[in-house]
Amino acid sequence: MTPRIRAEPFPDLGDPVLYPRLTDEKVAWFAEHGERRTFAPGEVLYAQGQRDAPFFVIASGRVEFIDRHPGKEVLIAEADGGVFIGDIATFTGEPAIVSAVASEPTEAIAFARTGLREMLAAKPEMGELVLGTLLARRAWHEGAGHGVLRLIADRGSRRAFEVRDLLERNLLPVRFHDVDEDPQAVKILDWLGIPPAETPVLIRSDRILRNPSAAQVARELGLRADVDGQRFDLVVLGAGPAGLAAAVYGGSEGLRTLVAEAWAPGGQAGTSSRIENYLGFPSGVSGAELTRAATLQARRFDAVLSSFHRAVELADGPEGLVRVDLDDGQYVLARALVMATGARWRELDLPDVARYRGAGLYHAAMPADAERYRDRDVVVVGGGNSAGQAAMHLARHARSVRVAVRGAGLSQTMSRYLVDRVERNPRIEVMTRTEVAGVHGARRVEAVTLRDGASGAEERVPVAAVFVMIGAEPCTEAASGILRMDAAGYLLCGPGAAACDGRLHWPLEERPPHLLETVRPGVFAAGDVRAGASNRVAGAVGDGALTVRFVHELLAA
C-alpha cells in the first residue's frame, strides 16, 4: 500500500474563502440542476491530471484531496457536506492538480462543464462565488507546492528550457530544480534512483518522464485537442490577445469556436512580466495573469483551446469552407477563420547563436527568471517596451542589467513611463549605439561581446544570460499561397486587400472586404500579424473583438 502523509499547513474547513458554506436552500438549488451520485469510501470523484474534471456539491459525507507522488501520497485538504468542490480545470480545461477521493460514504451533486456553465450563467452571483473560490484554492495549492510538476535539470539544458517554457506558458504549475545548485534536486534524484547525468527529469504525480521533449510532454498532458474532421463556425489560429479576444466574443455569441495555438496561450504578451498601459489595470497586470483570465473566459463560453497545435496549411474546403491542416495530421473545417498568429522574435545575426537558445539566450523574461538570475549579470538586447519591461523585471534580483540599444536612446521606441523607470533604476545601465557582436560559452552563455557602434571598439563582458528583443517577424507560413502579404510579410486586409490584383485578389464584386478581412472572403486578420497593426495589447484585443462582429455579418448573410 502506498504510504500517505498529511501535509502541513492543512486548510481549515471553517475558512470562508477556501470553503464557503452553502445554505440548505442553495444546496437544493444545485440539486435541481445537477445529477445526484453516491461514492463509496476510496472511490475517486475526479483524478489528478484529469481534464475537464466535474464539479461537485457535497450533500453529505467527506472527501479528501490527494497529491500523488512517486512512492507516496500527500493528504493536502478535505471537504464535507455543504461545500462545493472541484478544480479551476473544470472551466479552463487544464489538468486537475490533485485527486478527490471519498473517505466515507458520500452523496454529491455532479455537474459537467457545459451544464455548470449554463447553470451559473443563469445565476451570475453564484458564478462569481464559484469562480472566485476555485481560483483561490488553486492559488493556495500552488503556493504550498501541491500538485506542482517538478522539473530537475541543469540550468544549461536546452530541452529542459523548452519543457519549462511550454508548461509555464500553458499555465501549468512547475518548479525547476537546478542539479548544480539545488540540494533538494540531488535528494529527489537519489530517492528516485536517477543519476544526474540522466536529467532532465519531469515528475508528474506518480509518473516520471526521463529526458522528455516538449512534444512528449504535450502528449502526456493532453494539450492538443482531438478535433480531426470537425466543423466550426469560427476557427482562430493563435491564442495571443487577439486570438483569445476572438474566442471570448465568438463563444459568447454562440459560435462554435476552436483556437489552435502553435505553442501556448498568451503570445508575446503572455511572456511579459508586467503590462502597465492596458485599460482597467492601473497598477499593471502580468502577461500570465491576463492570459489565465482570458483563457478562463474563452473556455467558460465553450471555446475549444488546443495548445502545441500549429496550422501548417490553409486550403479551400467543401461547401465554401476553409480547410485548416494541423501539424499532427488532423484537419478542421471553418465557416470563418481569424488569422491571429502574431509574430516571432528576430534572432541575433550571429553564427551558431541558435545553440544557446534556452541555455542562457531567451526571447522573454518569464516570472521565474528574475529569481533564477539572482546576483548575476545579464544583458537585454532591444529598445522597445518588451525590452524595458524585461529589464525592470530582471533588475529585481540581478546584480546588473545592461540594456544594449543600437540607436541613440530609448525614447523613440519605448513608452515614456517605462523610459523613466529604466533610467532611474540603479541596477540598469542603458548602453546606446551598442550591439551584441558575439555570444560565448561552452554549454551555456558565459559572456557576450559588445561593440560600440560609433568607434567599432569591442568589449567581452561576462554574463549569465542574454534576453533578445529586437523586433519580430510575422507568422504567416500557413497562409502562403492563399492570402496576400505586404513586402514585410504582414497580411493585407480591408482596403489593402481590396487593392490587390493578380492571382490573389479580392474576388467578390457585390461587396468590398470588411476592415479586417483578407483577400479570401471569410478569412480575417487580427493583431500583430496584420499590416498596420498597433503592436499593443489593447489594439490586438480590439482586433479580435471586431473580427467577430464581421464574422456575424458574414454568417448571417
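Student: Which helix gives the most to the lining of the second largest cavity?
Tutor: That is helix H4 (residues 124–144), which supplies five residues of that lining; helices (H or I, at least four residues) and strands (E, at least two) are DSSP runs, numbered from the N terminus. Please keep in mind that this is a predicted model, in which local features need pLDDT of at least 70, side-chain atom pairs count only at pLDDT 80 or more, and totals for chains, interfaces and linings use all residues. Residues are numbered from 1 along each chain as its sequence is written, and side-chain values use heavy atoms, with hydrogens and water left out.

Student: What counts as a cavity here?
Tutor: On a 1 Å grid over the protein atoms alone, it is a set of points where a 1.4 Å probe fits but cannot get out, and lining residues have an atom within 4 Å of a point. Grid points are joined across faces, edges and corners, and a volume is the space filled by probe spheres set on the points.

Student: And what is the volume of that second largest cavity?
Tutor: The volume is about 140 Å³, and 14 residues line this cavity, with Tyr 19, Phe 65, Gly 86, Arg 137 and His 141 lying nearest its centre.

Student: New topic: is H5 largely enclosed or open, and why?
Tutor: Helix H5 is largely enclosed by the rest of the structure, because nine of its 12 residues are buried, where buried means under 20% relative accessible area, exposed over 50%, and partly exposed in between (1.4 Å probe, protein chains only). Phe 161 and Leu 166 are among those buried residues.

Student: Where is the cis bond to Pro 9?
Tutor: The cis peptide bond runs from Glu 8 to Pro 9, with omega near 0°, and Pro 9 sits in the loop between strand E1 (4–6) and helix H1 (24–33). Most peptide bonds are trans.

Student: What about Asp 375, buried or exposed?
Tutor: Asp 375 counts as exposed, because its relative accessibility is 51%, and its phi is positive, near 60°.

Key
On a 1 Å grid over the protein atoms alone, a cavity is a set of points where a 1.4 Å probe fits but cannot get out, and a pocket is an open set with protein on both sides within 12 Å along at least five of seven lines; lining residues have an atom within 4 Å of a point.
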